[in-house]
Amino acid sequence: MRHVVKARLRALTGVTPDTVRASRQRLDALARRVRAPTGVAVHTAPPGCGGGEWLWPGPAATRHGLYLHGGAYAVGTARLYRGLAGRLATGTGCTVLVPDYPLAPEHAFPAALEGALAGWRALRSATGVPPSWIAGDSAGGGLALALAQRLRDLGEPAAAGLALLSPWTDLTGSGASVGDNAERDQYLCAHLVGPVAAVYLQGADPTDPRASPLFGPMQALPPTLVHVCESEILRDDGVRAAARLDAADVPVALRRFGDLPHVFHLFAPLLPEATRAVADVADFLARHAAA
């Protein structure tokens, strides 16, 4: 990752539609090789999601979760997350919807949040009950937190649990870890945080809580699990979010992992640490969904 992925990103002097297109092509090629875990059925997402996949661990599943994929609001697809979302489906006993929410630069802020809300509502409409939990990684982790805030503000039923994996909660890039971990991070590049955010914001205020939920009110949010890695540049986005949730009297559990890549959960079952971390997320969400 250091010598191939990060080297390619380090060489970029900015983010353009061409670089976004090239990244999508590489990830699409990788996504074609991703398989859902044995026993997990893959269905087309219900209408209203703009595309995506609905993963079923078995016909007896009666609870449902929403997973929002990462990708800096510009890349990533539901298919790329079949493995991780499928393992959460198995571990929680819930069906998991992974919507293909709108991506930048074609769809600027707040299109991703609107797409996530549409996915939530589509899942609720298709099942007749509100989803039990929301989870997401990186940009999807920030989006999951922003969605929870939006649902609270709209007075819609809340999820029972929220899981944020290496979340990108601050598009201003003000976390100390952005600079402190610029060399330690295995593949994310600190000099691209601002340009990548600009591709999505397209002139909008980066402190708007709908884009940077770190700056939004945290009161009355669901019990939350936050995973961060000590070596990643976005570490403090998760650490500060957990601190603000705790200050707002929201039950929050912060897990700090060592020298591991950003969203290492995607490497389950290849990395034992990833397998254990995904199991921790599934256990947290399953307990709160059941309660």
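I started at glutamate 156, which is buried, with a relative accessible area of 17%. For burial I used these cut-offs: buried is under 20% relative accessible area, exposed is over 50%, and partly exposed is in between, with a 1.4 Å probe and protein chains only.

A note on the source: this is a predicted model, with residues numbered from 1 along each chain as its sequence is written. Local features need pLDDT of at least 70, side-chain atom pairs count only at pLDDT 80 or more, totals for chains, interfaces and linings use all residues, and side-chain values use heavy atoms, with hydrogens and water left out.

**Salt bridges**

Which residue forms a salt bridge with glutamate 156? I found arginine 121, with the closest N and O atoms 2.5 Å apart. My criterion was a side-chain nitrogen of Lys or Arg within 4 Å of a carboxyl oxygen of Asp or Glu. This pair links distant parts of the chain, 35 residues apart: arginine 121 is in helix H4 (residues 111-127), and glutamate 156 is in the loop between helix H5 (139-154) and strand E6 (161-165). Helices (H or I, at least four residues) and strands (E, at least two) are DSSP runs, numbered from the N terminus. Arginine 121 is partly exposed, at 40% relative accessible area.

Searching the whole structure, I got 14 salt bridges. Another one joins aspartate 280 and arginine 255, at 3.1 Å from N to O. Here too the pair links distant parts, 25 residues apart, with aspartate 280 in helix H9 (residues 272-290) and arginine 255 in strand E8 (residues 252-257). Arginine 255 counts as partly exposed, at 30% relative accessibility.

I also looked up arginine 235 and glutamate 230, whose side chains meet in a salt bridge of 3.8 Å, N to O. Arginine 235 counts as buried at 13%, while glutamate 230 is partly exposed at 21%. Both belong to a network of salt bridges that links Glu230, Arg235, Asp236 and Arg256.

**Aromatic pairs**

Next came the rings, and I noted 6 aromatic pairs. Rings of Phe, Tyr and Trp (its six-membered ring) pair if their centres lie within 6.5 Å; planes under 30 degrees apart count as stacked, over 60 as edge-to-face and the rest as tilted.

Tryptophan 54 and tryptophan 56 have ring centres 5.2 Å apart and planes at 55°, so I logged the pair as tilted. Tryptophan 54 is buried at 10%, whereas tryptophan 56 is partly exposed at 22%.

Tyrosine 73 and tyrosine 200 are stacked, because their planes are at 10°, with the ring centres 4.3 Å apart. Tyrosine 73 sits in the loop between strand E3 (63-68) and helix H3 (82-92), and tyrosine 200 in helix H7 (residues 193-201), so the pair ties together parts 127 residues apart in sequence. Both tyrosine 73 and tyrosine 200 are buried. I then followed the ring pairs through a cluster of Tyr73, Phe109, Trp168 and Tyr200.

**Cysteines**

How many disulfides are there? I counted 0 disulfides, taking a pair of cysteine sulfur atoms within 2.5 Å as the rule. Cysteine 94 is buried at 1%, and cysteine 49 is buried at 4%.
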